[in-house]
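Please look at the sequence and structure first.

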Amino acid sequence: MKVLGTIKTYVLRVWHSVIFKYAVVSIVGVLLVGFLDDNSMWSHIKNLQRIDELMAEKERYNAEFRRDQAQIKELDRNPKAIEKIARERYFMKADNEDIFILSDDDRAPKPIVSHEAAE
């Protein structure tokens, strides 16, 4: 019983000490600011990651924009480029030619199903 009494007095001393109170308040404050608040460090880190993703997406769109601008300039300078795009994208043809479209899909051919009853 003497051991429990000494433990109890030690715990009460720690409980009533000013350092313990400051430690508890500091820990709670760090938890609030670090994880639970709307402007916490956790959300700050997530926002930084999102900014990096958006910057990469912006670079991709800028590259597409530069490529499209180069195509527009090429179309303005070269009338043959317009014909090439019309043939490739829109399957347009001249009067004296035929177009064959070959599919490269990896679909399996459908089996031929006969709906006639076998006699």
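The text below takes up the overall fold, then the helices, then single residues.

This is a predicted model, in which local features need pLDDT of at least 70 and side-chain atom pairs count only at pLDDT 80 or more, while totals for chains, interfaces and linings use all residues. Residues are numbered from 1 along each chain as its sequence is written, and side-chain values use heavy atoms, with hydrogens and water left out.

**Overall fold**

The protein has 4 helices and 0 strands, where helices (H or I, at least four residues) and strands (E, at least two) are DSSP runs numbered from the N terminus. Along the sequence the pattern is α-α-α-α. Of the 119 residues, 5% count as buried. Buried here means under 20% relative accessible area, exposed means over 50%, and partly exposed lies in between (1.4 Å probe, protein chains only).

**Helices H1 and H2**

H1 covers residues 2-16 and H2 covers residues 18-36. The end C-alpha atoms of H1 are 21 Å apart, which agrees with the 21 Å that its 15 residues should span at 1.5 Å a residue. The expected span is 1.5 Å times one less than the number of residues in the helix. The number of buried residues in H1 is 0, so this helix lies largely in the open.

H1 and H2 pack at an angle of about 60°, with their axes 5 Å apart. The axes are lines fitted to C-alpha atoms, for helices over the stretch in contact, and angles run from 0 to 180 degrees between N-to-C directions. Val 14, Trp 15 and His 16 of H1 make the contact with Val 18, Phe 20 and Lys 21 of H2; contact means heavy atoms within 4.5 Å. These residues divide into 4 nonpolar, 1 polar and 1 charged. In this division Ala, Val, Leu, Ile, Met, Phe, Trp, Tyr, Cys and Pro count as nonpolar, Asp, Glu, Lys and Arg as charged, and the others, Gly among them, as polar.

**Helix H4**

H4 (residues 79-90) has 12 residues and reaches 16 Å from its first C-alpha to its last, close to the expected 16 Å. Its buried residues are Ala 81, Ile 85 and Ala 86. Seen down the axis of H4, they fall within an arc of 140°, so they line one face of the helix. The arc is that of the directions from the helix axis to the C-beta atoms. The buried residues of H4 pack against helix H3 (41-77), whereas Pro 79, Lys 80 and Lys 84 are exposed on the other side of H4.

At the start of H4, a side-chain oxygen of Asn 78 comes to within 3.1 Å of the backbone nitrogen of Lys 80. Just after H4, Phe 91 takes a positive phi of about 55°.

**Single residues**

| Residue | Relative accessibility | Class |
|---|---|---|
| Ser 40 | 2% | buried |
| Ala 81 | 12% | buried |
| Ala 94 | 25% | partly exposed |

Ser 40 is in the loop between H2 and H3. Leaving aside neighbours within four places in sequence, Ser 40 is in contact with Val 33, Gly 34 and Phe 35.

Ala 81 belongs to helix H4. Not counting residues up to four places away in sequence, Ala 81 touches Glu 74 and Leu 75. The C-alpha atoms of Ala 81 and Gln 71, 10 residues apart along the chain, are separated by 8.8 Å.

Ala 94 is in the segment after H4. Between the C-alpha atoms of Ala 94 and Glu 83, 11 residues apart along the chain, the separation is 9.7 Å.

Key
Polar contact = N/O pair within 3.5 Å; in protein donor to acceptor, adjacent residues only side chain to side chain.
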